[in-house]
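Open the model in your viewer and keep the sequence panel beside it. This tour tells you what to select at each stop and what is there.

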Amino acid sequence: SFVYCRLFATGQTTKPQFEAESQTIRGEDVLAKTLKIQWLAEFGMEVHSEQAMLEVEVMVADIQGHHDTIGRLRLPVTVLIAEEKLDNWYMLKRINGGLTSATVHIAATYTALVEDPKEKRKRRQQELAAASEEATLIQELPEWISVWDVRAVKEWETAIKEARKQVEELLDEETYEALQKASKVVKAFALQGEENSELVRERLEELRTEAEKQKTAKKRLQELLSGTQTSAVWLIRALREALTAAEEASMTMENEEVLEAFKMLSLLEKHQQAILMH
């Protein structure tokens with residue numbers, strides 16, 4: 001078995017910007033027989049867009065060289081940027097999107113976002129153009145505007161810049177509390193309609209929606225874990241659906257209900273396989 005690691009420019013692109021393969025662990029290895037394979041593979045890559053998508057795919061190969069995919073995991077780089085460091089177990093998905101009973105442990109660290117040279121040059125040109133335009137406007141001020149007026153305007157512009165900077169910094173924190181604080185700054189300085197202000201509003205809505213989804217998913221998992229349903233087939237299907245909903249709500253194995261449901265699903269699947277073999 002081996003692991004592929006890929007980086008895509010966005011979640012929609014199909015051509016990876018980075019692709020690497022881990023060392024293959026053979027079936028005769030003692031480690032492979034335990035079903036707890038440790039590839040200990042390390043990959044390093046440069047990320048040029050916050051919309052990039054990291055994909056990890058676990059595959060097996062027979063002696064003829066035929067490859068089969070066990071499952072894959074796709075992580076948005078925005079999640080890594082927000083957390084700076086990830087160290088967790090993740091459930092793998094099938095190619096068709098369904099969950100598998102396989103998990104993979106991934107540790108990832110974000111150091112610094114590398115800005116594309118072209119984008120950096122474009123941004124710098126825009127900053128210089130804005131500075132030149134501002135200087136031209138100051139020179140064209142009519143004589144009747146007093147020194148006090150100019151000072152007041154400059155102080156307000158400074159306050160506005162600080163407010164925008166604060167909104168940007170709070171947006172980078174990506175926590176609900178920080179986004180609420182950013183929303184208050186937006187209202188206080190009437191920054192509605194600006195790009196970062198819209199991002200704050202959209203992200204707050206997303207977090208509220210996500211919180212509702214997590215609440216619903218958690219309630220469903222609790223019902224299945226505490227229920228008295230005797231049909232194993234029905235319970236397996238219900239647990240798979242509930243775990244899929246939990247994953248879509250950004251719930252991980254650190255959640256007690258997700259972990260217990262995953263353990264129950266694994267036991268039920270093993271029991272069903274044992275029955276079929278007999």
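## The whole chain

Take the contacts in the chain between residues at least 6 apart in sequence: 51% of them join residues at least 24 apart. Contact means heavy atoms within 4.5 Å. This is a predicted model, in which local features need pLDDT of at least 70, side-chain atom pairs count only at pLDDT 80 or more, and totals for chains, interfaces and linings use all residues. Residues are numbered from 1 along each chain as its sequence is written, and side-chain values use heavy atoms, with hydrogens and water left out.

Switch to a cartoon view. The chain has eight helices and six strands. Helices (H or I, at least four residues) and strands (E, at least two) are DSSP runs, numbered from the N terminus. Along the sequence the pattern reads β-β-α-β-β-α-β-β-α-α-α-α-α-α.

How much of the chain is buried? Buried residues make up 27% of the 278 residues. Buried means under 20% relative accessible area, exposed over 50%, and partly exposed in between (1.4 Å probe, protein chains only).

## Stop 1: the strands

Select residues 53-61. This is strand β3, and it is mostly covered: seven of its nine residues are buried.

β1 and β3 pair in the antiparallel sense over seven bridges. Two strands pair if DSSP finds at least two bridges between them. Find valine 3; its bridge partner in β3 is valine 58.

β3 and β4 run antiparallel and are joined by nine bridges. Look for valine 60, which stands opposite aspartate 68 in β4.

Move on to residues 85-93 and 99-109. These are β5 and β6, which run antiparallel with eight bridges between them. Leucine 86 stands opposite alanine 108 in β6. Then click on glycine 97. In this hairpin, which has five residues between the strands, glycine 97 takes a positive phi near 105 degrees.

## Stop 2: α5 against α6

Select residues 176-188 for α5 and residues 195-226 for α6. Two packed helices are described by the angle between their axes and the distance between the axes. Here the axes come within 10 Å and cross at roughly 140 degrees. Axes are lines fitted to C-alpha atoms, for helices over the stretch in contact, and angles run from 0 to 180 degrees between N-to-C directions.

α5 and α6 are therefore oblique to each other. Angles under 35 degrees count as roughly parallel, over 145 as roughly antiparallel, 65 to 115 as roughly perpendicular and the rest as oblique.

Show the side chains. Tyr176, Leu179, Gln180, Ala182, Ser183 and Val186 in α5 meet Ser197, Val200, Arg203, Leu204, Leu207 and Arg208 in α6. This contact has seven nonpolar, three polar and two charged residues. Ala, Val, Leu, Ile, Met, Phe, Trp, Tyr, Cys and Pro count as nonpolar, Asp, Glu, Lys and Arg as charged, and the others, Gly among them, as polar.

Zoom in on leucine 204, in helix α6. Is leucine 204 buried or exposed? Leucine 204 is buried, with a relative accessible area of 4%. Not counting residues up to four places away in sequence, leucine 204 touches Tyr176, Leu179, Gln180 and Ser183.

## Stop 3: α6 against α7

Which residues meet here? Ala217, Arg220, Leu221 and Leu224 in α6 meet a group in α7 that includes Trp234, Leu235 and Ala238. By class, the contact has 11 nonpolar, no polar and one charged residues.

Stay on α7 and pick glutamate 241. At 51% relative accessibility, glutamate 241 counts as exposed. The C-alpha atoms of glutamate 241 and leucine 99 are separated by 8.7 Å, with the two residues 142 apart along the chain.

## Stop 4: two loops

Most residues other than glycine have a negative phi, and most peptide bonds are trans. Select alanine 190, in the loop between α5 and α6. Alanine 190 has a positive phi of about 50 degrees although it is not a glycine. Alanine 190 is exposed, with a relative accessible area of 59%.

Finish at serine 250, in the loop between α7 and α8 (256-277). Serine 250 has a positive phi of about 65 degrees, and it is not a glycine. With a relative accessible area of 44%, serine 250 is partly exposed.
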